[in-house]
Amino acid sequence: MTLGVTRRQVLAWRMRRQLLDPVGRLSVPGVVDRLCGVQAQVPSSAELAVRVRRERSRGGEVARALREGRLIRTWAMRGALHLLTPEQGGAFLSLVASGRSWERPSWQRYFGVSPKEIEALRRAVREALADGPLTREELAAAITRRRGLRHVGEALGSSWGTLLKPLAWQGAVCHGPSRGNRVTFMRPEDASPRWAGIPDPDEAAPWALAAYLRVYGPATIDAFARWLAGGWFGKRTLRAWFDALGDRVAEVDVDGERAYVPAEDLEELASMPPTSAVRLLPGFDQYVLGPGTADANVVPAGRRSAVSRQAGWISPVVISGGAVAGTWELDGDGVRVAWFREAGRPPRRALDAEVARLGSLLDRELRSVVSVEV
């Protein structure tokens, strides 16, 4: 018999699993591991995403974890930069790489690089980084001196890193320590002695799927595909991965819709009371990105444009009862909260408490400025 749960229970369960209600006590790598990675193209947002989930934290702790090799920073899910743990991150990279997007005719036509040239580039980059990190410019110069790869210099110099992403997914390169305001690149095994490499995708998939469902479930297979790679995986591959989980996953009915959750979590989910917690989360937070902004249970459909903005920007959000109830931004010493009218009356006391907590994390005296968005 299929277990029936409510959306409010699902949101409360996700808040607990994502260390938001209650706030958790995991280490910095522990938070990143729990969330299956943290999107990190904006370093300040990535650090805040970790810190809001820890009872005690200090500024600069993510940078320290990177320096100490307890985290790596690389292109991962959906081609975006992420913080990953070196022990487990390779499993997610393996699945993204298995899509082999660089072999598509449309990709080859647009970037003018064949799969054979990507393989040659992978070997050349590995060799160029053998003596340590290189800046983007240094790496491009080293590669374009090689016969057969001179034409990729301009693309390698691009800040988008398009040609380096397939290499990152294959575990050939990751981000290194910044050199002033310039990015560097290095080999993952040099970035961390904990680097466990890239497993076979069929071995990685059951673990990665279960890890995703433990924090973003109950969820559908399509939701996992969108989170992993924007949804371009074939249905047959996804189904084979999912079937490999066997009885470790269970189907639940969420207010009439079917979704999946680890079987071991059924009892906890079924007994989960709704949450009333209010949280201020930074831009690009995993609570929103995990299910995706198209999940109307998390981001109200009529407010999606306020959260998912132009050029892929994801706004800082206010979470109330597990759903997005507004957005916020820093303005001097003020935290301007744009509360969504349909979320009811703004909980001023809870918002003030969250603003005070945000101030303690940022080491600033902050005050809340709340407006109601029509």
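## Starting at helix α1

Arginine 17 lies in helix α1. Helices here are DSSP runs of H or I with at least four residues, strands are runs of E with at least two, and both are numbered from the N terminus. This is a predicted model, in which local features need pLDDT of at least 70 and side-chain atom pairs count only at pLDDT 80 or more, while totals for chains, interfaces and linings use all residues. Residues are numbered from 1 along each chain as its sequence is written, and side-chain values use heavy atoms, with hydrogens and water left out.

Is arginine 17 buried or exposed? Arginine 17 is buried, yet it has no salt bridge. Buried means under 20% relative accessible area, exposed means over 50%, and partly exposed is in between (1.4 Å probe, protein chains only). A salt bridge needs a side-chain nitrogen of Lys or Arg within 4 Å of a carboxyl oxygen of Asp or Glu. For arginine 17, the nearest side chain of opposite charge is glutamate 268, 4.4 Å away. Leaving aside residues up to four places away in sequence, arginine 17 touches Arg34, Arg214, Val215 and Glu268; a contact means heavy atoms within 4.5 Å.

Helix α1 is mostly covered, with eight of its eleven residues buried. Among them are Trp13, Met15 and Arg17. Just after α1, leucine 19 takes a positive phi of about 65 degrees.

Helix α3 (residues 43-51) is mostly covered too: seven of its nine residues are buried. The buried residues include Glu47, Leu48 and Arg51. Which elements cover the buried residues of α3? The cover includes α2 (28-34), β2 (38-39), α4 (61-67), β4 (81-84), β12 (323-331) and α18 (348-362).

## The whole chain

Along its principal axes, the C-alpha trace spans about 65 × 55 × 35 Å.

Of the 374 residues, 52% count as buried. Among contacts between residues at least 6 apart in sequence, 65% join residues at least 24 apart. The chain exposes about 17200 Å², and carbon and sulfur atoms supply 47% of that area.

## Charged partners

Side chains of opposite charge can pair when their charged atoms come close. How many salt bridges does a search of the whole structure find? The search finds 25. One of these pairs is glutamate 268 with arginine 16, whose closest N and O atoms are 3.9 Å apart. Glutamate 268 lies in helix α15 (residues 266-270) and arginine 16 in helix α1 (residues 7-17), so the pair ties together parts that are 252 residues apart in sequence. Glutamate 268 is partly exposed at 27% relative accessibility, and arginine 16 is partly exposed at 37%.

Most residues other than glycine have a negative phi, and most peptide bonds are trans. Where are the cis bonds described here? One joins aspartate 21 and proline 22, with omega about 5 degrees, and proline 22 is in the loop between α1 and α2. Another runs from glycine 217 to proline 218, with omega near -10 degrees; proline 218 lies in the loop between α12 (201-216) and α13 (221-229).

Positive phi values turn up in loops as well. Arginine 100 has a phi near 45 degrees and is found in the loop between α5 (89-98) and α6 (105-111). Aspartate 255 has a positive phi of about 50 degrees, and its place is in the loop between β8 (249-254) and β9 (257-262).

Conventions
Accessible areas come from the Shrake-Rupley method with a 1.4 Å probe; for residues, only the protein chains shown count as cover. Lys and Arg count as positive and Asp and Glu as negative; His and the chain ends are not counted.
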